[in-house]
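Please look over the model shown here before reading on. The numbered points are meant for someone coming to it for the first time.

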Amino acid sequence: MATSAVPAVIDALLDILEATPELEGVAVVDGPPGVNFTERRRIYVGYSPGSDQAAEVQQSFANAGARSRNEDGLIACYAEARGGDKEMRLRRNQVYELLAIVENALRGTDVAPEAPTLNGAVLWSEVTTGSLVQGQDSGAQAGLAFTVAYRARI
């Protein structure tokens, strides 16, 4: 029996995002960035700048008898758009488009009915928070730290 759903949740998020056609050409990164990325649009799973925390969980007994537990978790994520120009409006719009694609990828559809459960890894998941940062460093860049919340039964 698993002690936490975090590894399965992160794996499922990566699998779903890597298989999302609208993210073709977008780097989906597991954890913190490496060096010398050339991709101008990226989504990080299990990472947010300025924090070493990839996930946060809280557990409690699911019911009397203590045979199973509920786990409420938060996975740190970050979407980023960069360009060599000074077009902040373009980068800001691109980063929110990336977030919209992530939100849509986690919604249940006829084609992907298990998306909200992260393909069965959790009871439900959703994008819950977001925080925009913008900067000019060798061109315009916008980043959006967001959280994927979930509930799992372990």
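1. The largest pocket has a volume of about 210 Å³. A pocket is an open set of points, on a 1 Å grid over the protein atoms alone, where a 1.4 Å probe fits, with protein on both sides within 12 Å along at least five of seven lines; the points are joined across faces, edges and corners, and the volume is the space filled by probe spheres set on them. Rolling a probe the size of a water molecule over the atoms shows where empty space is left.

2. The model is a predicted one, in which local features need pLDDT of at least 70 and side-chain atom pairs count only at pLDDT 80 or more, while totals for chains, interfaces and linings use all residues. Residues are numbered from 1 along each chain as its sequence is written, and side-chain values use heavy atoms, with hydrogens and water left out.

3. The residues lining the largest pocket, meaning those with an atom within 4 Å of a point, include Ile 16, Ala 19, Pro 21, Glu 22, Ile 101, Asn 104, Arg 107 and Ala 115. Helix 2 (residues 88-105) gives the largest share of this lining, three residues. By type, the lining divides into seven nonpolar, three polar and two charged residues, where Ala, Val, Leu, Ile, Met, Phe, Trp, Tyr, Cys and Pro count as nonpolar, Asp, Glu, Lys and Arg as charged, and the others, Gly among them, as polar.

4. Which order do the elements of the protein follow from the N terminus on? They run α-β-β-β-β-α-β-β, with two helices and six strands in the protein; helices (H or I, at least four residues) and strands (E, at least two) are DSSP runs, numbered from the N terminus. The radius of gyration of the protein is 17 Å, close to the 15 Å that the globule rule gives for 154 residues, so the protein is as compact as a globular protein of that length. That radius is taken over C-alpha atoms, and the rule is 2.2 Å times the number of residues to the power 0.38.

5. Of the 154 residues in the protein, 43% are buried, where buried means under 20% relative accessible area, exposed over 50%, and partly exposed in between (1.4 Å probe, protein chains only). Arg 91, placed in helix 2, is buried with a relative accessible area of 6%. Leaving aside neighbours within four places in sequence, the contacts of Arg 91 (heavy atoms within 4.5 Å) include Asp 85, Ala 140 and Gln 141.

6. Two residues in the loop between helix 2 and strand 5 (124-136) deserve a look, namely Leu 118 and Asn 119. Most residues other than glycine have a negative phi. Phi of Leu 118, however, is near 50 degrees, and phi of Asn 119 is near 55 degrees. Leu 118 counts as buried, at 1% relative accessibility.

7. Asp 30 lies in strand 1 (residues 27-30) and counts as exposed, at 52% relative accessibility. Leaving aside neighbours within four places in sequence, Asp 30 is in contact with Ile 10, Leu 14 and Val 45.

8. Ala 62, in the loop between strand 3 (55-61) and strand 4 (69-82), is partly exposed, with a relative accessible area of 22%. The C-alpha atoms of Ala 62 and Arg 153 are separated by 7.6 Å, although the two residues are 91 residues apart along the chain.
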